[in-house]
Amino acid sequence: IWALTVAPDREAAAEFRAVVRLESKRPYLQVVAAYGLVRLGHPEYLCDLALMLGRHKHDLQDNIPTILLSVVAAHPAELADCLRRGLRQPLPLGREVTALVAGESGLVATAPALRAALGDREPRVRLAAVWALGRLRDVEARPTLTRLTGDPDARTRAFATEALGHLDGTE
């Protein structure tokens, strides 16, 4: 799959789609096939990658964020859309890692979804959203971030303080 992606072999797209859809034992093959489809001109498969961020597999968690960040310049609108979708997925790990990728991506179009994630029921997702909004320097999040500096949770206070530092240009 990787060789056909690098080539690039446009005739391999049908087989790549089948791997993304049907592979169940080796999820890393799904990752490579989805990335291959993106490289072959099908950026809608970025959403498949974003939704895989919730799986507890090291080979996925170690590689998908890098893949997503590698295509920011080529597919910013599509990636922003997929990250917004990823922030709504049912798996907390997926929402958390998606928030981190969104913050690192620099895609300000993800900021409204990240602000919504500040209300997530999972503390790790909320912390990732706080961090991401700071990285994006989202001034619309300032009131909420300011309020969070007084949160009972020490980690939340620290993350919110750091995020505000990014907004102020001191971090």
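Residues are numbered from 1 along each chain as its sequence is written, and side-chain values use heavy atoms, with hydrogens and water left out. Because the model is predicted, local features need pLDDT of at least 70 and side-chain atom pairs count only at pLDDT 80 or more, while totals for chains, interfaces and linings use all residues.

## Disulfide

The structure holds one disulfide, a term used here for a pair of cysteine sulfur atoms within 2.5 Å. The bond joins Cys47 to Cys82, with an S to S distance of 2.0 Å. Cys47 lies in helix α4 (residues 46-52) and Cys82 in helix α6 (residues 76-86), so the pair ties together parts that are 35 residues apart in sequence. Helices here are DSSP runs (H or I, at least four residues), numbered from the N terminus. The angle about the S-S bond is -85 degrees, and the link of Cys47 and Cys82 is left-handed. Both cysteines are buried; buried means under 20% relative accessible area, exposed means over 50%, and partly exposed lies in between (1.4 Å probe, protein chains only).

## Helix α6

Cys82 is one of the buried residues of α6, together with Leu79, Ala80, Leu83 and Gly86. They cover an arc of only 165 degrees around the axis, which puts them on the same side of α6. The arc is taken from the directions from the helix axis to the C-beta atoms. The buried residues of α6 pack against α4, α5 (58-70) and α7 (92-105), where contact means heavy atoms within 4.5 Å.

Arg95 lies in helix α7. This arginine is buried, with a relative accessible area of 4%. Leaving aside residues up to four places away in sequence, Arg95 touches Gly86, Leu87, Arg88, Gln89, Pro90, Asp120, Arg121, Glu122 and Val125. Of these, Gly86 is also among the buried residues of α6.

## Largest pocket

About 190 Å³ of space lies in the largest pocket. A pocket is found on a 1 Å grid over the protein atoms alone, as an open set of points where a 1.4 Å probe fits, with protein on both sides within 12 Å along at least five of seven lines; lining residues have an atom within 4 Å of a point. Grid points are joined across faces, edges and corners, and the volume is the space filled by probe spheres set on the points.

The lining consists of Leu118, Pro123, Arg126, Leu127, Val130, Arg147, Leu148, Asp151, Asp153, Arg155 and Thr156. Two or more of these residues come from each of α9 (123-135), α10 (142-148) and α11 (154-168). The largest share, four residues, comes from α9. By residue type the lining divides into five nonpolar, one polar and five charged. Ala, Val, Leu, Ile, Met, Phe, Trp, Tyr, Cys and Pro count as nonpolar, Asp, Glu, Lys and Arg as charged, and the others, Gly among them, as polar.

Arg137 is in the loop between α9 and α10. Although Arg137 is not a glycine, it has a positive phi of about 55 degrees. Its relative accessible area is 44%, which makes Arg137 partly exposed. His166 is found in helix α11 and counts as buried, at 12% relative accessibility. Apart from neighbours within four places in sequence, His166 is in contact with Gly134, Arg137 and Glu171.

## Arg10, Arg39 and Leu40

Arg10 is in the loop between α1 (2-6) and α2 (13-22). Beyond its neighbours within four places in sequence, Arg10 is in contact with Arg39 and Leu40. Arg10 is exposed, with a relative accessible area of 55%.

Arg39 lies in helix α3 (residues 27-39) and is partly exposed, at 41% relative accessibility. With residues up to four places away not counted, Arg39 touches Thr5, Val6 and Arg10.

Leu40 lies in the loop between α3 and α4. Leu40 is buried, with a relative accessible area of 9%. With neighbours within four places left aside, its contacts are Pro8, Asp9, Arg10, Ala13 and Phe16.

## Separations

| Pair | Apart in sequence | C-alpha to C-alpha |
|---|---|---|
| Arg10 and Leu145 | 135 residues | 46 Å |
| Arg95 and Val125 | 30 residues | 6.1 Å |
| Arg39 and Pro76 | 37 residues | 14 Å |
| Leu40 and Leu83 | 43 residues | 20 Å |
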